[in-house]
Amino acid sequence: MVRYAITAFDAAAHGSVAVLSWWEDVNESPLWQDRIFHALALLYALVSAVALVQLVRIQLRVPEYGWTTQKVFHFLNFLVNGVRSVVFVFRRTIQYFNPEILQHVLLDVPSLAFFSTYALLVLFWAEIYYQARAVSTDGLRRNFFFINAAVYAVQVILWLIMWWKPVTLVVIISKMFFAGVSLFAALGFLLYGGRLFLMLQRFPVESKGRRKKLQEVGYVTTICFSCFLIRCIMMCFNAFDKAADLDVLDHPVLNFSYYLLVEILPSSLVLFILRKLPPKRGITQYHPIR
């Protein structure tokens, strides 16, 4: 029995060493680094293309409407994922940009734009919720633009400070700031997605589209809350643990796992859930993002 236990322990230890060796080999291999970054670029390009196709379909369905919330949401998804795809195509080149602040800008701007894209969805849900309760929504869009302007302004200030005096403390503050922004977005989805979900639950069971809309809001809320919470937690590790640094070339597996979980999968799932086209004019009243 003791001999079998020792054998099992040795096998487990050997397996752990093999996995660790594979991890190190992949991380330190320029070939694997490029393969993984190009795989990310391809996945982002696919999501971007899906968002563009959906935007075109919506425009062809209701060309008489201007830039509705639904159209802006899909356009921003197309833009964010497209830019991220280009960044990963040239990831190795970007790593050697000088001054170093250019690297931070190119890697951080798509993350900020991702926040704005999904904050737009929170805004839309907040408007629906307050309109249903006969509460004025006049200040919501103003607050949305103010919050986004404040986030971008603070980030630009941090970039300028890093450019002027590139010390580790400022980099940590920048990453923790974005962790806070991600937590804010997660709480926004939890608050307004949860409120809208509970409100829809109180509608009569026979209400047309109630069940489908309830599932839609529930799924999107869960997906977006989870992705921003994971981003927040990961950014905290990224700020203080060099082994969790996402801004280097020799952590390609970590980069692939992180961006797959917090951007590619959530975007793909949300675009799939919100794939329904608006009704043609004259059939029923048009509501964006249904």
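User: Which residues form a negative surface patch?
Analyst: This is a predicted model, in which local features need pLDDT of at least 70, side-chain atom pairs count only at pLDDT 80 or more, and totals for chains, interfaces and linings use all residues. A patch is made of residues with over 30% relative accessible area and no salt bridge, like charges being joined within 9 Å and nonpolar side chains (Val, Leu, Ile, Met, Phe, Trp, Tyr) within 5 Å. Lys and Arg count as positive and Asp and Glu as negative, with His and the chain ends not counted; a charge is placed at NZ of Lys, CZ of Arg, CG of Asp or CD of Glu. The negative patch consists of E24, D25, E28 and D250.

User: Is E28 buried or exposed, and what is its relative accessible area?
Analyst: Residues are numbered from 1 along each chain as its sequence is written, and side-chain values use heavy atoms, with hydrogens and water left out. E28 belongs to helix α1, residues 2-28. Buried means under 20% relative accessible area, exposed over 50%, and partly exposed in between, with a 1.4 Å probe and protein chains only. E28 is exposed, because its relative accessible area is 60%.

User: How many helices and strands does the secondary structure of the chain come to?
Analyst: Helices (H or I, at least four residues) and strands (E, at least two) are DSSP runs, numbered from the N terminus. The elements run α-α-α-α-α-α-α-α-α from the N terminus on. The count is nine helices and zero strands.

User: What share of the contacts with a separation of 6 or more comes from residues 24 or more positions apart?
Analyst: A contact means heavy atoms within 4.5 Å. Among contacts in the chain with a separation of 6 or more, the share from residues 24 or more positions apart is 75%.

User: What part of the accessible surface belongs to carbon and sulfur atoms?
Analyst: Accessible areas come from the Shrake-Rupley method with a 1.4 Å probe, and for residues only the protein chains shown count as cover. Of the 290 residues in the chain, 44% are buried. The accessible surface comes to about 16,100 Å², and the part belonging to carbon and sulfur atoms is 70%.

User: Which peptide bond is cis, and what is its omega?
Analyst: P99 sits in the loop between α4 (91-95) and α5 (101-132). The cis bond runs from N98 to P99, with omega near 5°.

User: Where does A134 lie, and what is its phi?
Analyst: A134 is exposed, since its relative accessible area is 74%. The residue is in the loop between α5 and α6 (138-164). A134 is a residue other than glycine with a positive phi, near 60°.

User: Which residue does E127 meet in a salt bridge?
Analyst: A salt bridge is a side-chain nitrogen of Lys or Arg within 4 Å of a carboxyl oxygen of Asp or Glu, and the structure holds seven of them. One joins E127 in helix α5 to a residue of helix α6, 14 residues apart, and so links distant parts of the chain. E127 counts as buried because its relative accessibility is 10%. At 3.0 Å, N to O, its partner is R141.

User: Which residue forms a salt bridge with K175 at 3.8 Å?
Analyst: The side chain of K175 also meets that of D245 in a salt bridge (3.5 Å, N to O). D245 lies in the loop between α8 (210-240) and α9 (252-273) and K175 in helix α7 (residues 168-201), so this pair ties together parts 70 residues apart in sequence. K175 is buried, at a relative accessible area of 10%. The residue whose closest N and O atoms with K175 are 3.8 Å apart is D247.

User: Which residues does D247 touch, not counting those up to four places away in sequence?
Analyst: D247 is in the loop between α8 and α9. D247 is buried, because its relative accessible area is 18%. Residues up to four places away aside, D247 touches R91, Q95, H104, L107 and K175.

User: How far apart in space are Y130 and Y192, C-alpha to C-alpha?
Analyst: Y130 is in helix α5 and is buried, at a relative accessible area of 18%. Leaving aside neighbours within four places in sequence, Y130 is in contact with V135, T137, L140, Y192 and R195. Y130 and Y192 are 62 residues apart in sequence, and their C-alpha to C-alpha distance is 9.8 Å.
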